[in-house]
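Hi everyone, thanks for coming. Let me put the model up on the screen, and then we'll walk through a few spots together.

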Amino acid sequence: MLNEPRAGARPTTSEDGPHRQVDQQAPPAIWGQLVADVFSLEGVVEGISQVSPASSRAVYLRDMTQEIAPETSLAPGKRLEPVHLHGVQDTSVHLVLPTARGQELVRLGWAEPHQYADYGTEFMIYGPRDTAELTGVLSVIDESLNFARAGA
């Protein structure tokens, strides 16, 4: 579980849509490893995001297509989409988390609220810059999937 402050300054993110990270991106090899690790998680399938640009990859749950509560999905009212990974030019991750946990990650410098949040559960997690950050980001993605499975 990611509980330590992120080293250094926060990356710059876009002020207009789509919400993206514009510097401090993950190196291509780290981003590729993140994608591979995410889609090897138990019960996860890759798909096309319903709300993010075409370069993004949606993280769907194989056995759960309906949200338990709208705040557990980035695409409320559509197929459950708790996470999507942005492309290699961006490398950030949008996901849903319990509000208090997301706010904790914001305080620790790992995240910021999603600029188009409807429920206060939507966050951007910055792209991992090295293997230690990769492990932490992967743990937050797992937290998001568990949040979606359990409901708010």
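Let's begin with the second largest pocket, which holds about 150 Å³ of space. Of its 13 lining residues, Arg20, Ser55, His86, Gly87 and Asp90 sit closest to the centre. Sorted by class, that lining has 3 nonpolar, 8 polar and 2 charged residues. Here Ala, Val, Leu, Ile, Met, Phe, Trp, Tyr, Cys and Pro count as nonpolar, Asp, Glu, Lys and Arg as charged, and the others, Gly among them, as polar.

A quick word on terms. A pocket is an open set of points on a 1 Å grid over the protein atoms alone, where a 1.4 Å probe fits, with protein on both sides within 12 Å along at least five of seven lines; lining residues have an atom within 4 Å of a point. Points are joined across faces, edges and corners, and the volume is the space filled by probe spheres set on them.

This is a predicted model, so local features need pLDDT of at least 70 and side-chain atom pairs 80 or more, while totals for chains, interfaces and linings use all residues. Numbering runs from 1 along each chain as its sequence is written, and side-chain values use heavy atoms, without hydrogens and water.

Now the largest pocket: its volume is about 220 Å³. It is lined by 16 residues, with Val51, Leu74, His84, His114 and Tyr116 nearest its centre.

Last stop, Thr13. Is Thr13 buried or exposed? Thr13 is buried (under 20% relative accessible area, with a 1.4 Å probe and protein chains only; exposed would be over 50%), at 17%.
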